[in-house]
Number of protein chains: 2
Amino acid sequence: MLMEDVHFSFPAVAPRQVGRKALAVNLSDIAAMAGRPLAAAVSVALPRHRGMEFAQEIHAGLQQLAEEYGVVVAGGDTNSWNGPLVISVTLLGETSAKGAVLRSGARVGDWVLVTGTLGGSLAGKHLAFHPRVEEALALHDAANLHAMIDISDGLSSDLGHILDESRVGARLRADSIPVSDAALAADDDKSPLEHAISDGEDFELLFTASPEDGRRLLDRSPIDVPISHIGEIVAQAGCTIEDANGACRTLPRSGWVHGIGAPVAE
Amino acid sequence: MLMEDVHFSFPAVAPRQVGRKALAVNLSDIAAMAGRPLAAAVSVALPRHRGMEFAQEIHAGLQQLAEEYGVVVAGGDTNSWNGPLVISVTLLGETSAKGAVLRSGARVGDWVLVTGTLGGSLAGKHLAFHPRVEEALALHDAANLHAMIDISDGLSSDLGHILDESRVGARLRADSIPVSDAALAADDDKSPLEHAISDGEDFELLFTASPEDGRRLLDRSPIDVPISHIGEIVAQAGCTIEDANGACRTLPRSGWVHGIGAPVAE
């Protein structure tokens, strides 16, 4: 459910982008389990004062992405009111023959891998990202993925979900984390690495697999998006991150430890 | 999708009633096709100022009805904001072995039948109605239902949907329409019959079947709720209604013709 002035605001964002994103975040959730999306129910509360063209733009953005991903909009509910825009999408999918990949399957010794590059998504990517549906299916077909999630809250936070549900810990290497150009370009108090670790809305795939499968995916990748090996699953709970000098620190859920990446004054 | 101050208002309605109704209207939609409900996705935008107990009441109302009807709340999304309450439910179901009953199957000569009594729902029933899921399955099992819909907009309006999609017309008898006690008790400018024909939110089943099946359902009803035979499907488009004196008038979609039932000054 996306809500005006909570998840987006006009006119900074176009109605077509909102319609697209409302479906895209759901597609990313299906991708996170290596599922195949099928049909969507779309319910909207349309602000009456914005008129018909606005409603058509919302629909156009959603419908275009639905067609790209072979999703049928099969139902829903259209309402208007004097309140802000609310759009709620329920997306149905099916698992592939290998079944769904859950958050709970990570094993000690697994490699931790991630697609694409991370950080700075709110500068634009979050409105135009390509949900990793085909990539997840191809990875799942080429290897036995033990656990997977899409990065919506941020690397450290979403990895935390895998660790909790798998009852394991992880050790990451700071210089293996793929930092996006948007994170490098960000001009604020956070370092690029900090953006990559703590920003949300990357909608990349974060997954674990055996070292053998991880190695095979890196050597003969079945997808066009880069894959990075960023660490390992360990028995001890929690997540630690090792910097280029070998210093190791605990990575909190909120995502950041002062002193890793660019130092930030405390 | 139910929206505060559009579909309900506080404090006239309790949050528990809103949670219940958000699922109930979806159960009624599944009943309308003689389907069996299975699983729900529930998304909410909760007004922050109303606090946690309010949210728990919404959930309790919905969850209690879900348990009564054997529905699993399988997913959804919980948000809070400074706006009004919005609750969106997607309900999944399956058809019985005989398949779904559509709006498009009415045939010339069919009887038009309705469950329960009609009118005055907004006086209270609309918050506490029992979706006719079991009744629809039992009727569908006992007879070949040709077309069915639940009465959410009102008898004349919802019958109109069946007539349009089946490309037929109907002739109703005014004195066969089951008027509810709430419609009889209504103290306003509309007659009880007018309430029964034009009020919405009865959530009863309106369906058609062959005269033989209709007769059998009346003689040996498979359900506890009364069934009324209110008219027939005819070839000519539109809907006419015959009063006790044999006078016949066109029944508009909006539901009412002056002069049928209690006369209303024009």
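Tutor: Ground rules come before the questions. Residues are numbered from 1 along each chain as its sequence is written, and chains are lettered from A in the order in which they are written. In this predicted model, local features need pLDDT of at least 70, side-chain atom pairs count only at pLDDT 80 or more, and totals for chains use all residues, while side-chain values use heavy atoms, without hydrogens and water.

Student: What are the scores of the model and the pLDDT average of chain A?

Tutor: The model has ipTM 0.89 and pTM 0.91. pLDDT is the predictor's confidence in each residue, from 0 to 100. Chain A averages 94, and 95% of the residues score at least 70.

Student: Where in chain A does pLDDT stay under 50?

Tutor: Over residues 261-266. The model has eight contacts for that stretch beyond four places in sequence. Contact means heavy atoms within 4.5 Å.

Student: How do you know that the radius of gyration of chain A agrees with a compact globule?

Tutor: Set the value against the rule, 2.2 Å times the number of residues to the power 0.38, with the radius taken over C-alpha atoms. For 266 residues a compact globule would be near 18 Å, and chain A has 19 Å, so the value agrees. The C-alpha atoms fill a box of roughly 60 × 50 × 30 Å along the principal axes.

Student: What share of the contacts in chain A joins residues 24 or more positions apart?

Tutor: The share is 84% of the contacts with a separation of 6 or more.

Student: Why is B:Thr115 called buried?

Tutor: Buried means under 20% relative accessible area, exposed over 50%, partly exposed in between (1.4 Å probe, protein chains only). B:Thr115 is at 0%, so the residue counts as buried. In chain A, buried residues make up 54% of the 266 residues.

Student: What makes the pair B:Thr115 and B:Glu204 a polar contact?

Tutor: A polar contact is a pair of N or O atoms within 3.5 Å; within protein, one must be able to donate a hydrogen and the other to accept it, and residues adjacent in sequence count only if both atoms are side-chain atoms. The two side chains make such a contact at 2.6 Å. The side chain of B:Thr115 also reaches the backbone nitrogen of B:Leu205 at 2.9 Å. Other residues that B:Thr115 touches include B:Arg132, B:Phe207 and B:Pro226.

Student: Which strand holds B:Thr115?

Tutor: Strand S5 of chain B, residues 111-115. Strands (E, at least two residues) and helices (H or I, at least four) are DSSP runs, numbered from the N terminus. Chain A has seven helices and eleven strands.

Student: How do you know that S2 and S4 of chain A pair?

Tutor: Two strands pair if DSSP finds at least two bridges between them. S2 (residues 35-47) and S4 (residues 86-95) have ten, in the antiparallel sense. A:Ala41 stands opposite A:Thr90 in S4(A).

Student: What packs on that sheet in chain A?

Tutor: Helix H1 (residues 15-31) touches S1, S2 and S4 of chain A, with its direction at about 30° to that of S4(A). Helix H2 (residues 51-68) touches S2, S3 and S4 of chain A, at about 175° to S2(A). Axes are lines fitted to C-alpha atoms, for helices over the stretch in contact, and angles run from 0 to 180 degrees between N-to-C directions.

Student: What makes S1 and S3 edge strands in chain A?

Tutor: The open sheet of four strands has the order S1-S4-S2-S3, with mixed pairing. S1 (2-3) and S3 (72-81) each pair on one side only.
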